[in-house]
Amino acid sequence: MMKRRMTNRRLTGMHHTCTKQYASIGQQLVIGMLCSTLLACSADSPDQNTAALNQPYPAQTGGTLISAMPSDPSGMIGMVAGESASLAIGAYLFNSLLTFNQDLDLAGELAESWQVADDKKTITFKLKPGLQWADGKPLTSADVLFTWQLIIDEKTHSPYASDYQLVTKAEAPDAQTFIVHYAQPFAPALESWAHLQVLPKHKLAGQDIHTTSFAQKPLGSHYYQLKEWRHGEYLKLERNPKSVLGPANIDNVVERIIPDPAAQFLELMADNIDSMTLDPITYARIIPSRPALQAKLNQYKELGNSYTYLGFNLKRKPFDDVRVRKAINYAIDKQEIIDGVYLGLGIAIASPYKPGTRWSNPNLTPYPFDPTKAKQLLAEAGYVDSNGDGIVERDGKKLSFEVLTNLGNKQREKTTVIIQRRLKEVGIETRIRTLEWASLLTNFIKPGDFDAVVMGWGLSLDPDQYSIWHSSQQGPGQFNFIGYNNPAVDKLLEQGRMEFDPETRMQIYHDFAKVLYEDSPLVYLSAGYGLTAIHKRVQGIMNPVPPAGVGYDSHKWYLPEPLRRTQIQAE
Amino acid sequence: MLNYLIRRIVWMIPMLIGISLISFFIMHLAPGDITSTEAAFDPKSSEESRQKLRELYHLDKPVIVQYGLWLERMVHLDFGHSFASHQKPVFWAETDKDGNTTPGMIQEALPITLLMNVVGLFLTLTLAVPLGVIAAKKYGRWPDRSITLFNFIGFSIPGFWLSLLLMYWLGVIHPWFPISGLHSLNYAQLDTWQKCQDLLMHLFLPVVIPAITGLAGITMFVKNGMLDVLSQDFVTTARAKGLSDCTVTYRHALRNALLPLITLVGLSLPGLIGGSVIAETIFAIPGMGKLFYDAVMMRDFPVIMGILTIGSALTLMGNLLADLAYAWADPRLRRGVMPQR
């Protein structure tokens with residue numbers, strides 16, 4: 001039920017980190033507070049029940065799991081809502097044709113099988129037999145077709161329509177078959193069908209997708225159904241006995257909306273919620289220092305599908321010179337950033353893919369920290385400190401530039417300061433400027449008016465990164481805003497989009513990552529871990545965490561009866 | 001009287017239009033729009049989709065045209081639909097053809113904020129007036145000093161810090177109060193009495209903390225007013241007549257000292273609908289403050305304009321009510337305002 005939450009996080013991950021920052025004051029404060037005098041308080045004495053918590057119980061059904069999320073979903077139709085909370089709740093309710101298994105390979109969800117035609121332009125999905133919606137009506141290929149028509153509709157306000165608009169024709173010849181035709185082979189199509197949450201035609205036909213009350217009272221086919229929604233406060237989900245993937249173990253899932261992470265943590269301490277996502281300080285410092293918390297919580301970490309980078313405006317001097325870019329790459333100590341900013345809860349990367357997955361090139365190692373080499377490369381590029389002011393220059397011009405990052409993202413701000421110091425050591429002067437997200441995007445990124453930026457990319461599970469790196473994607477508002485232009489990369493990206501065979505694709509993206517590595521158009525700074533704390537009363541959690549994340553098989557989680565909350569049971 | 005009222009109310013219309021025009025332009029001065037906040041940096045979204053959204057929302061038109069479109073809708077009291085929140089209606093609930101209702105965003109948030117602020121204002125006043133009177137009566141002696149000190153501390157403590165501290169102390173260590181939220185999860189199953197109790201318990205911390213930190217201003221206001229009045233001739237006369245201390249203080253002095261408070265309360269009327277972002281965020285209460293903050297961050301123009309319009313209308317109403325209440329309470333002013341009577 002939570003399995004797609006990780007992938008959903010990437011959808012709006014970037015803006016997500018930008019709008020929720022006001023909470024950080026409180027967060028830091030509660031940390032200071034907890035670490036100081038109050039630490040000695042009586043709440044720390046371990047509970048007698050902790051022994052029971054560590055005892056394994058057999059899998060069983062029932063119980064209520066309560067977790068917290070930072071913002072209220074705006075509606076249940078993810079394609080229109082376009083924000084992570086809606087997609088996360090939608091992932092409890094709706095199925096897609098395909099999904100990703102625990103190793104992040106494609107697998108069928110509603111589809112029993114799928115077949116790519118020899119010309120690679122047609123994909124035929126065969127639906128599983130006997131699928132039904134929670135109200136008992138059959139779920140057929142007509143629903144899938146309807147959902148596709150909905151997202152490509154001219155009138156639908158969806159930021160995610162582009163992948164589906166490439167479908168030239170879609171058909172549902174019988175109730176079990178859904179066929180899509182593309183004008184040319186498009187390998188990321190399969191991933192796109194793993195993201196499209198299939199909606200019931202019999203409920204939505206003839207409705208205005210934007211104003212329909214279906215967004216408030218949805219009907220799905222997945223493990224859970226929406227039972228009660230108190231806007232801005234909580235959502236109650238109850239198990240769907242007709243779930244197309246078989247029923248989940250836990251009866252009720254409650255998502256409480258608590259915007260402030262400090263308040264979330266207090267609720268976790270008071271045992272009012274069972275799970276929350278943590279920041280590195282809570283994960284690495286606060287919980288380990290409190291035996292009472294440690295006794296009742298399990299902590300999990302999983303590598304997310306996103307990374308932070310220092311990107312250069314390649315259309316500007318001196319960044320058009322690969323030696324300067326490499327020098328900067330060598331001058332930055334990535335481990336220092338990971339240790340200092342993420343308290344060690346991250347890793348350095350060498351390619352724009354999640355390490356350990358098929359797409360990540362295992363032969364590349366992150367640029368090491370080597371200031372001597374950096375200085376040498378700068379000298380080769382003609383930058384030397386001739387006037388002894390500590391800043392290198394060429395033709396009398398200092399090597400000095402401005403680094404932009406978005407306001408309120410503390411991790412990026414700290415990262416930028418660390419970079420500034422290291423670059424100064426090799427004679428590069430940087431000025432830091434933090435800007436509110438919308439203003440950074442509209443006034444600087446979109447017109448291309450910047451030297452360098454510290455930002456992040458949240459990536460999809462499909463390796464295609466055409467929109468980020470292809471030279472055709474440099475227009476205002478497009479994602480290759482750094483102006484990367486390499487015909488070799490263009491060609492690889494085009495090939496990768498046409499190739500369905502995973503092995504051949506893997507080779508293409510390994511080559512692509514290698515070229516990027518040599519070009520160093522941006523400095524990969526770190527890929528942080530996603531951190532979660534879950535109460536020990538929740539059992540059956542896969543350990544170690546699979547690549548797909550801790551929530552991957554949450555439908556198999558269970559709450560042993562002796563460990564359940566008494567108050568909720570009485571309800 | 002009636003003429004005066006009608007004149008004031010008619011004048012509010014051009015005022016409101018002026019305010020909304022200025023607000024609209026200032027709002028558009030901030031860089032970006034919904035397409036630069038919603039899914040803007042997701043590699044899966046495309047510039048074409050964003051351009052389409054801009055056209056659908058008329059964001060590609062000049063600001064004055066957009067204002068015209070907005071004004072046209074407002075004439076019909078149509079506050080429009082949110083850009084960022086799934087096209088939810090901004091103010092009024094809407095019913096689709098199947099009879100299902102989608103509640104309006106302001107409609108949902110406003111009662112919560114109003115409840116909190118009215119209870120909070122009531123609490124502040126019931127505490128501040130006696131405290132102010134005591135401080136004035138015992139001016140310079142220990143009760144006055146301790147009240148001043150208490151106010152000083154309350155005024156200086158950052159509200160969010162006190163909130164977190166009390167949430168920890170009264171919610172985690174001694175679980176007497178709920179930590180966050182507005183309703184218990186089993187609220188729907190409770191009977192009416194338990195529902196009230198539940199709501200009060202949830203409201204306790206979020207209402208009491210701002211009341212304490214906001215006490216200082218009004219207490220000082222009352223105290224200074226009382227000090228002024230107590231030294232006036234009519235108080236001396238009242239005492240000379242042999243009236244009891246209690247009558248002098250509460251019937252003669254306090255009634256006069258409270259006059260300026262009417263203005264203060266009148267001016268705080270628009271504040272009643274503006275929630276506090278920080279308090280609402282910390283206590284996870286879906287009120288107006290957070291609604292407005294999120295709308296600004298997301299550049300959700302219809303919601304921003306909806307809240308600003310209601311806010312300015314209430315400010316104007318508050319001014320009017322304060323003036324009327326003043327006239328009602330103070331005979332001198334009543335004659336000045338309405339010479340024809």
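This is a predicted model: local features need pLDDT of at least 70, side-chain atom pairs count only at pLDDT 80 or more; totals for chains, interfaces and linings use all residues.

Reader: How do I read contacts along the sequence?

Author: Look at how far apart in sequence the partners are. In chain B, 66% of the contacts with a separation of 6 or more are between residues 24 or more positions apart. For chain A, 71% of the contacts between residues at least 6 apart join residues at least 24 apart.

Reader: How many helices and strands does chain A have, and how compact is chain A?

Author: There are 21 helices and 20 strands in chain A. The radius of gyration of chain A is 25 Å, close to the 25 Å from the globule rule for 571 residues, so chain A is as compact as a globular protein of that length. The C-alpha trace spans about 80 × 70 × 40 Å along the principal axes of chain A, and 52% of the residues in chain A are buried.

Reader: How is the size of an interface described?

Author: Often by the accessible area lost when the parts come together. Here we can count residues instead: 72 residues of chain A are in contact with 58 residues of chain B.

Reader: Which helix gives the largest share of the side of chain A that touches chain B?

Author: Helix α17 of chain A, residues 437-445, with 6 residues. By class, that side of chain A has 33 nonpolar, 28 polar and 11 charged residues.

Definitions and conventions:
Residues are numbered from 1 along each chain as its sequence is written. Chains are lettered from A and ligands numbered from 1 in the order in which they are written. Two residues are in contact if their C-beta atoms, placed from the backbone, lie within 7 Å. Helices (H or I, at least four residues) and strands (E, at least two) are DSSP runs, numbered from the N terminus. Ala, Val, Leu, Ile, Met, Phe, Trp, Tyr, Cys and Pro count as nonpolar, Asp, Glu, Lys and Arg as charged, and the others, Gly among them, as polar. The radius of gyration is taken over C-alpha atoms; the globule rule is 2.2 Å times the number of residues to the power 0.38. A residue is buried if 20 or more other C-beta atoms lie within 10 Å of its own, exposed if 12 or fewer, and partly exposed in between; C-beta atoms are placed from the backbone.
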